[in-house]
There are 4 protein chains.
Amino acid sequence: MDKELIYQQIAALWTENMPFNQLLGLKITRFNSNESEIRFAWQDKLIGNPLQKILHGGVTASALDLAGGVVAAACIIEQLDEISPDKIQQSLSKLGTIDLRTDFLRPGRGEEFIATARIIRSGSKVAVARMELHNELGDHIAFGTGTYMVG
Amino acid sequence: MDKELIYQQIAALWTENMPFNQLLGLKITRFNSNESEIRFAWQDKLIGNPLQKILHGGVTASALDLAGGVVAAACIIEQLDEISPDKIQQSLSKLGTIDLRTDFLRPGRGEEFIATARIIRSGSKVAVARMELHNELGDHIAFGTGTYMVG
Amino acid sequence: MDKELIYQQIAALWTENMPFNQLLGLKITRFNSNESEIRFAWQDKLIGNPLQKILHGGVTASALDLAGGVVAAACIIEQLDEISPDKIQQSLSKLGTIDLRTDFLRPGRGEEFIATARIIRSGSKVAVARMELHNELGDHIAFGTGTYMVG
Amino acid sequence: MDKELIYQQIAALWTENMPFNQLLGLKITRFNSNESEIRFAWQDKLIGNPLQKILHGGVTASALDLAGGVVAAACIIEQLDEISPDKIQQSLSKLGTIDLRTDFLRPGRGEEFIATARIIRSGSKVAVARMELHNELGDHIAFGTGTYMVG
């Protein structure tokens, strides 16, 4: 199996079959073992502050965690000796977020939001990623750092 | 105005009028300037991992951020010289999460979840809170630490 | 070999043979796989702010990291099937801090400082500890959270 | 007074008169309100692991905290209406680290270490900086994120 194809299947699965990602409208638009991109559109239900009409901090954290998580998933797949659907599913079952730090820089305003992640530490057991959230105008809304169990 | 009454009004407002809190079913069940409690029930739409049927990490982060945020709000109100609806609204408009760390300890399984927060640093500009998430059986699911702008 | 004896030997080794712990005067006064205690005395060379005469934030972080690290070391030893000096040394060589968060609550003033740690997540690969720093009067100076590689 | 000159004086003061920075050999080699650079040479007394001969995690945290702290100090000075020695000293007395996260990426080996910081959030009360630690070969040893009280 081709790795690029595997990544496409995981992106489709996580975008369409993870209830909470669907609820928030989070779409995985790109990912490999180095970096990822998640996009989602503004929706009134994501409001965390009715006076200011800005994203709830939990929406920001959710998008950053997903962006880091998919890069960590790709790190797991890169390390497989043998690539089969069973082996992939078994390996991905080990994936989990250990800790996540979110730094909120600006109010979460915009029409579309783009979360990106890149890996900063990659090992057989633990991966660490740094994430960013911008809106469609390029305003930098948040930073994140996530530590993931990968083995 | 009585502070206990103000806290009840804020709890009602944030539970019923914040779209994202409603979407997740987060209810503020108790809060003052020292500690708070948020409760929410399991719902399938909160699932972050379809194989394991556990809460999305972003749900956990959202509940912890709200728990810390309401304690920080109470810290703001405690510091007011004069208590009027206008003054309260104006002061609360300064409230914001600066950063949030979530430590995931166990898979998010359960029928009901309880997030609690207590203040560990309280000042005129910044407050810091530590949070915990348990399920109805007392299983400890996550820890959090949040830094909030309060003035 | 008795585990209590092993802990005593590690405490002696890390207190006396780790140059930076000696430089700061950090002493491991108690530890097992659940909790630990580190003590150190005020010294002028630990000052981080000459006007205010308070501990440098890096001293606080160093003490908290050591407190968490020794609990993580005990977690490693608890999981060994076979206990021999070689096996212990080999296993401890895997120990490393992945990330550390320090929350500074009050200025670091006092005559003696006590850092304590307790484990909040313990696994075969990663352990997470929460730490606190107090002075001899019981003033709470800092909180910490550390994620450690243990396997 | 010229701001560049003020920065030079602060760099000299913090390098030469802060006991703990001197103990570790931390030198402020560049800073303004956007970015900073701290350098220090390997010394055996900075060892945190006698078997592996690598920096103690607390040394890394100390260097990152200083790098972020000096950028935060420059943020304070940038916001002054009036620049006088008294006013500068009074304003800088408000500077303090609220929280610091350190992510350890690689063992701390090298002959010289370079910590850099850049501001990611700048306000009248709180500033947030991201930091990095490299050695003289460009190996990336650690990341940091610090939240500072500035007003």
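How many salt bridges does the rule find across the interface of chain A and chain D? The rule finds two. A salt bridge here is a side-chain nitrogen of Lys or Arg within 4 Å of a carboxyl oxygen of Asp or Glu.

This is a predicted model, where local features need pLDDT of at least 70, side-chain atom pairs count only at pLDDT 80 or more, and totals for chains, interfaces and linings use all residues. Residues are numbered from 1 along each chain as its sequence is written, chains are lettered from A and ligands numbered from 1 in the order in which they are written, and side-chain values use heavy atoms, leaving out hydrogens and water.

**View 1. The contact between chain A and chain D.** Chain A gives 15 residues and chain D gives 15 residues. Contact means heavy atoms within 4.5 Å. The two chains bury about 1300 Å² between them, and carbon and sulfur atoms give 47% of that area. Buried area is the accessible area (1.4 Å probe) that two parts lose on being put together, summed over both. On the chain A side, R101(A), R130(A) and F143(A) lose the most area to chain D, together 45% of what that side buries.

**View 2. A salt bridge and the polar contacts.** R101(A) pairs with D99(D) in a salt bridge, and their closest N and O atoms are 3.0 Å apart. Between chain A and chain D, 10 residue pairs are in polar contact, both residues at pLDDT 80 or more. A polar contact is a pair of N or O atoms within 3.5 Å; within protein, one must be able to donate a hydrogen and the other to accept it, and residues adjacent in sequence count only if both atoms are side-chain atoms.

**View 3. The strands of chain A that touch chain D.** β5 (96-104), β6 (112-122), β7 (126-135) and β8 (140-149) of chain A each supply at least two residues to this side. Strands are DSSP runs (E, at least two residues), numbered from the N terminus. β5(A) gives the largest share, five residues.

**View 4. The axis between the copies.** A rotation of 180 degrees, with 0.0 Å of shift along its axis, superposes chain A on chain D (RMSD 0.0 Å). That is the relation of a two-fold axis. In chain A, R101(A) has the C-alpha nearest the axis, 4.3 Å from it. Copies are superposed by least squares on the C-alpha atoms of residues with pLDDT of at least 70 in both. Of the interface residues of chain A, 100% are also interface residues in chain D, so the copies meet through the same surface.

Definitions and conventions
Helices (H or I, at least four residues) and strands (E, at least two) are DSSP runs, numbered from the N terminus.
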